[in-house]
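Hi there,

Here is the structure I promised to pass on. Have a look at it first, and then read my notes below.

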Amino acid sequence: MTLGFALFAIGMAMVVSALKDQTVADILRGALGPDVPLGKANPSAPSGAGVSSTDGASLTQSKESSPRLLSYLQSVASRNFGLEITEPIGSDSGGHVADSYHKQGRAFDASGTPEQMAKFTEFLNHNFKTSLTELIHNPGGSIKNGKSVPGSFWGSLWGEHKGHVHVAI
Ligand SMILES: [Zn+2]
(Lines give C-alpha, C1' and ligand atoms only; values in the text may rest on other atoms or scores of the structure.)
Protein backbone atom coordinates (compact mmCIF):
# COMPACT_ATOMS: atom_id res chain seq x y z
CA MET A 1 0.00 0.00 0.00
CA THR A 2 2.86 2.35 0.78
CA LEU A 3 4.50 1.59 -2.53
CA GLY A 4 1.21 2.11 -4.27
CA PHE A 5 0.85 5.50 -2.70
CA ALA A 6 4.42 6.42 -3.62
CA LEU A 7 3.78 5.49 -7.24
CA PHE A 8 0.55 7.45 -7.13
CA ALA A 9 2.37 10.47 -5.70
CA ILE A 10 5.07 10.25 -8.38
CA GLY A 11 2.40 9.95 -11.01
CA MET A 12 0.65 13.04 -9.70
CA ALA A 13 3.95 14.92 -9.57
CA MET A 14 4.54 14.04 -13.23
CA VAL A 15 1.07 15.24 -14.17
CA VAL A 16 1.63 18.48 -12.31
CA SER A 17 5.05 18.89 -13.85
CA ALA A 18 3.60 18.41 -17.32
CA LEU A 19 0.95 21.03 -16.63
CA LYS A 20 3.51 23.47 -15.32
CA ASP A 21 6.16 22.58 -17.88
CA GLN A 22 8.51 21.62 -15.10
CA THR A 23 10.44 18.45 -14.49
CA VAL A 24 9.90 16.36 -11.40
CA ALA A 25 13.42 17.32 -10.40
CA ASP A 26 12.40 20.97 -10.54
CA ILE A 27 9.50 20.31 -8.23
CA LEU A 28 11.63 18.34 -5.81
CA ARG A 29 14.30 21.00 -5.94
CA GLY A 30 11.69 23.58 -5.07
CA ALA A 31 10.57 21.51 -2.10
CA LEU A 32 14.08 20.96 -0.86
CA GLY A 33 15.34 24.46 -1.44
CA PRO A 34 17.92 25.73 -3.93
CA ASP A 35 20.99 24.86 -1.85
CA VAL A 36 20.40 21.14 -1.74
CA PRO A 37 21.81 19.26 -4.72
CA LEU A 38 19.53 16.40 -5.69
CA GLY A 39 20.93 13.00 -4.93
CA LYS A 40 23.29 14.42 -2.35
CA ALA A 41 20.78 15.66 0.15
CA ASN A 42 22.85 14.43 3.06
CA PRO A 43 26.35 13.53 1.88
CA SER A 44 27.69 13.09 5.41
CA ALA A 45 25.23 10.36 6.32
CA PRO A 46 26.80 6.91 6.30
CA SER A 47 25.26 4.29 4.11
CA GLY A 48 22.62 2.43 5.99
CA ALA A 49 21.49 5.50 7.89
CA GLY A 50 17.93 5.03 8.93
CA VAL A 51 18.44 1.45 10.05
CA SER A 52 17.27 1.55 13.63
CA SER A 53 20.22 -0.21 15.16
CA THR A 54 23.55 -1.83 14.41
CA ASP A 55 23.32 -4.54 17.03
CA GLY A 56 21.02 -7.03 15.38
CA ALA A 57 17.68 -5.28 15.45
CA SER A 58 17.54 -5.52 11.69
CA LEU A 59 16.90 -9.22 12.03
CA THR A 60 13.41 -10.31 11.19
CA GLN A 61 10.68 -8.22 12.76
CA SER A 62 8.01 -10.84 12.25
CA LYS A 63 5.90 -12.03 15.15
CA GLU A 64 5.65 -15.41 13.52
CA SER A 65 7.92 -18.15 14.71
CA SER A 66 11.54 -17.32 13.96
CA PRO A 67 13.71 -20.19 15.17
CA ARG A 68 16.92 -18.47 14.14
CA LEU A 69 16.18 -15.32 16.11
CA LEU A 70 15.02 -17.32 19.13
CA SER A 71 18.19 -19.40 19.03
CA TYR A 72 20.28 -16.25 18.65
CA LEU A 73 18.67 -14.62 21.69
CA GLN A 74 19.13 -17.73 23.78
CA SER A 75 22.84 -17.76 23.03
CA VAL A 76 23.08 -14.01 23.69
CA ALA A 77 21.40 -14.49 27.09
CA SER A 78 24.05 -16.98 28.04
CA ARG A 79 27.10 -15.55 26.33
CA ASN A 80 26.58 -11.81 26.71
CA PHE A 81 24.48 -11.51 29.84
CA GLY A 82 25.80 -14.44 31.88
CA LEU A 83 22.37 -15.96 32.35
CA GLU A 84 21.77 -19.65 32.88
CA ILE A 85 19.35 -21.20 30.41
CA THR A 86 17.05 -22.98 32.81
CA GLU A 87 14.63 -24.18 30.14
CA PRO A 88 16.24 -24.40 26.69
CA ILE A 89 14.44 -24.17 23.38
CA GLY A 90 12.74 -27.48 22.68
CA SER A 91 12.65 -28.49 26.33
CA ASP A 92 9.52 -28.68 28.44
CA SER A 93 10.42 -29.97 31.86
CA GLY A 94 6.95 -29.40 33.23
CA GLY A 95 5.16 -26.73 35.17
CA HIS A 96 4.19 -24.73 32.11
CA VAL A 97 0.65 -23.80 31.24
CA ALA A 98 -1.14 -25.94 28.70
CA ASP A 99 -0.78 -23.45 25.86
CA SER A 100 2.82 -22.63 26.71
CA TYR A 101 5.12 -21.85 23.81
CA HIS A 102 7.65 -24.13 25.52
CA LYS A 103 5.56 -27.05 24.32
CA GLN A 104 5.91 -25.81 20.74
CA GLY A 105 9.67 -25.32 20.92
CA ARG A 106 9.21 -21.58 20.62
CA ALA A 107 10.43 -20.41 24.03
CA PHE A 108 13.29 -20.45 26.50
CA ASP A 109 13.76 -19.37 30.11
CA ALA A 110 16.90 -17.67 31.41
CA SER A 111 17.83 -16.98 35.01
CA GLY A 112 20.51 -15.07 36.87
CA THR A 113 20.95 -12.24 39.33
CA PRO A 114 18.24 -9.55 39.36
CA GLU A 115 20.70 -7.17 37.71
CA GLN A 116 21.60 -9.63 34.93
CA MET A 117 17.96 -10.37 34.24
CA ALA A 118 17.10 -6.66 34.25
CA LYS A 119 19.84 -5.93 31.72
CA PHE A 120 18.75 -8.73 29.41
CA THR A 121 15.13 -7.61 29.70
CA GLU A 122 16.14 -4.04 28.85
CA PHE A 123 18.14 -5.33 25.87
CA LEU A 124 15.11 -7.22 24.57
CA ASN A 125 12.75 -4.29 25.15
CA HIS A 126 15.06 -1.94 23.33
CA ASN A 127 16.07 -4.05 20.36
CA PHE A 128 13.53 -6.81 19.76
CA LYS A 129 10.23 -5.65 21.17
CA THR A 130 8.25 -5.96 17.97
CA SER A 131 9.75 -9.38 17.20
CA LEU A 132 8.81 -10.98 20.49
CA THR A 133 5.73 -13.13 20.79
CA GLU A 134 6.16 -13.11 24.57
CA LEU A 135 8.51 -11.48 27.03
CA ILE A 136 7.71 -12.09 30.68
CA HIS A 137 9.95 -10.88 33.46
CA ASN A 138 8.71 -9.25 36.64
CA PRO A 139 9.49 -6.41 36.74
CA GLY A 140 10.27 -4.69 33.46
CA GLY A 141 9.42 -7.29 30.84
CA SER A 142 5.84 -7.63 29.65
CA ILE A 143 5.33 -7.95 25.92
CA LYS A 144 2.69 -9.92 24.03
CA ASN A 145 2.76 -10.14 20.24
CA GLY A 146 5.21 -7.28 19.93
CA LYS A 147 3.32 -4.87 22.17
CA SER A 148 3.71 -3.82 25.79
CA VAL A 149 1.00 -5.12 28.08
CA PRO A 150 0.46 -4.51 31.80
CA GLY A 151 1.80 -7.16 34.14
CA SER A 152 -1.76 -7.98 35.15
CA PHE A 153 -2.27 -9.31 31.62
CA TRP A 154 -0.48 -12.49 32.70
CA GLY A 155 -2.59 -13.13 35.77
CA SER A 156 -0.87 -15.40 38.27
CA LEU A 157 1.97 -16.05 35.81
CA TRP A 158 3.29 -12.53 36.43
CA GLY A 159 4.16 -13.39 40.02
CA GLU A 160 5.95 -16.53 38.85
CA HIS A 161 8.35 -14.65 36.59
CA LYS A 162 10.46 -12.83 39.15
CA GLY A 163 13.20 -15.43 39.05
CA HIS A 164 13.61 -15.86 35.32
CA VAL A 165 13.13 -14.21 31.95
CA HIS A 166 10.69 -15.98 29.63
CA VAL A 167 11.18 -15.35 25.91
CA ALA A 168 8.97 -16.73 23.14
CA ILE A 169 9.05 -16.01 19.43
ZN1 LIG B 1 9.06 -19.76 30.07
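Two strands count as paired if DSSP finds at least two bridges between them. Helices (H or I, at least four residues) and strands (E, at least two) are DSSP runs, numbered from the N terminus.

Please keep in mind that this is a predicted model, where local features need pLDDT of at least 70, side-chain atom pairs count only at pLDDT 80 or more, and totals for chains, interfaces and linings use all residues. Residues are numbered from 1 along each chain as its sequence is written.

Now to the sheet. Six strands make an open sheet in the order β1-β2-β6-β3-β4-β5, with antiparallel pairing. β1 (84-87) and β5 (147-148) are at the edges with a single partner strand each, so one side of each has no neighbour in the sheet.

Further in, β2 (residues 107-111) pairs with β6 (residues 165-168) over four bridges, and A110 sits opposite V165 in β6.

β3 and β4 are also joined by four antiparallel bridges, with E134 facing K144 in β4. Their hairpin has three residues between the strands, and G140 there takes a positive phi near 100°. β4 and β5 pair over two bridges, and K147 in β5 is the bridge partner of K144. The turn of this hairpin has two residues between the strands, and N145 in the turn has a positive phi of about 50°.

One caution concerns pLDDT, the predictor's confidence in each residue, from 0 to 100. The chain averages 78, and 63% of the residues score at least 70.

Enjoy exploring!
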